[in-house]
Amino acid sequence: MFLRLKDCHNTQDFRKLAKQRLPSSIFHYIDGGSDDEITYRRNTEAFNKCDLIPNVLAGMENVDLTTTIFNTKMKLPFFLSPTAMQRLFHHDGEKALARVASREGIMMGVSTIGTVSIEELGKLTEGPKIFQLYIHKDKGLTNDLIDRCKQSKFDAIALTVDTIVGGNRERDLYTGMTTPPKLTFKSLLSFATHPTWTMNYLFRKKFELAQVKDYVKQGTDITSSIVNYINSQMDQTMSWKDAAEAKKRWGGPFAIKGINSVEDAKKAIDIGATAIMISNHGGRQLDGSISPFDALQDIVDAVGGKIEIILDGGIRRGTHILKALSLGANACSGGRFYLYALAGAGEPGVEKAVTKLKEELIRDMMLMGCKKIAELSKKNIKFR
């Protein structure tokens, strides 16, 4: 079945649209996890372990979905998590996200391994932006990234701590995924049968890693894979001391992204972080690790109210977000739900993906009998 944007009504539809539009290796880079992809699947399946308990006759009329995180008021309780190499999936890349996020009043994430520069995004929109920082072996690069975010008036930084080595992304090994893509006998047919993507890639602005291109050769010439970039450039000796130093240099709202344990959540508070993002990098790192939703309750019980808690990953439906908020998350974030849409239809696709989630949230809140986020609690959740 040939899909168009108007045929897409949920994340699975956007996934099919992306698969239709992208060469095989590019699609599977978005779609895949590590090893046997157990954690990748569990991130979404975990939401099915519990049920929502609605209340009726609540006199519903309007629903207020606003929330505040990182000292920033958002119109919706979810945002666009930072993801790498977006211009590989659509030629607009991060610019499409920035425009949609600004219109919808939500935060967008920007990756160190991004393809539109900090400065360009800072000029493009005044909407809220969070930068995903990696600690590099080159401390000058790490410090420069922080300083550039200050100059471009980003709202927050999220230090990613779960990628000191790259995960075993076997799908990429099978498909021959490299960055930039290489023409081989195996890949030629896939590129030829996706002419729109291929022509955009060849004849629009050259693909590059805009944040790091002036520091490392891989910024403009990654000839193997993003995993090799991680393995060669990231600082495996990174510690809580490094996190504290990055937080101090930044001086603003600061999250640790990649927290999965109560112990680490407490350490994040100790170094003065303002938020944690419970995340396993979309199931792309340690396969068999706990899902964010499964980790959420213990972390909320231990540190809820002391630090902002964001559930990152696995969300596909408005009900997933409501379940996380009911257990005590302050907000949710995700990547694939908008990456599929970006790859499939660019900015209009991202707009529709965000709009669909918003519509689901409004409808589901009304059916729950909750007029605002603060009315959600553990009382309206039952685990099986």
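## Close-up views of pockets, cavities and a surface patch

**View 1. The largest pocket and its lining.** The largest pocket has a lining of 19 residues, and those nearest its centre are Val161, Asp162, Ile164, Gly258 and Asp264. This is a predicted model. The space in the largest pocket comes to about 410 Å³. Two elements, helix 11 (240-250) and strand 8 (254-259), each supply at least two lining residues. Strand 8 gives the most, with three residues. By class, the lining of the largest pocket holds 10 nonpolar, seven polar and two charged residues.

**View 2. The largest cavity.** Searching the whole structure turns up five cavities of 30 Å³ or more. The largest cavity holds about 430 Å³ of space. Its lining has 31 residues, and Pro82, Thr83, His281, Gly282 and Arg284 are the closest to its centre. Four helices are labelled here. Helix 2 (24-31), helix 3 (38-45), helix 10 (226-233) and helix 15 (336-368) are the elements that give two or more residues to this lining. The lining of the largest cavity is made up of 13 nonpolar, 12 polar and six charged residues.

**View 3. The second largest cavity.** About 90 Å³ of space lies in this cavity. Which residues line the second largest cavity? Arg21 is one of them, as are Arg87, Leu88, Phe89, His90 and His91. Trp197, Asn200, Tyr201, Arg204, Lys205 and Phe207 also belong to the lining. Helix 9 (residues 195-203) gives the most to this lining, with three residues. Sorted by class, the lining of the second largest cavity has five nonpolar, three polar and four charged residues.

View 4. Met199, Leu202 and Phe203 together make a nonpolar surface patch of about 370 Å². Leu202 is part of helix 9. Helix 9 also gives three residues to the lining of the second largest cavity.

View 5. Is Leu202 buried or exposed? Leu202 has 55% relative accessibility, so this residue counts as exposed. The cut-off for exposed is over 50% relative accessible area.

Definitions and conventions: Residues numbered from 1 in each chain as written. Predicted model: local features only at pLDDT ≥ 70, side-chain atom pairs only at ≥ 80, totals over all residues. Heavy atoms only, no water. 1 Å grid on protein atoms, 1.4 Å probe; cavity = no way out; pocket = protein on both sides within 12 Å on 5 of 7 lines; lining within 4 Å. Points joined across faces, edges and corners; volume = space filled by probe spheres on them. Nonpolar A, V, L, I, M, F, W, Y, C, P; charged D, E, K, R; others polar. Patch = residues over 30% accessible without salt bridge, like charges linked within 9 Å, V, L, I, M, F, W, Y side chains within 5 Å. Areas by Shrake-Rupley, 256 points an atom, 1.4 Å probe, with all protein chains shown as cover. Salt bridge = Lys/Arg side-chain N within 4 Å of Asp/Glu carboxyl O. Buried < 20%, exposed > 50% of the residue type's maximum accessible area, 1.4 Å probe, protein only.
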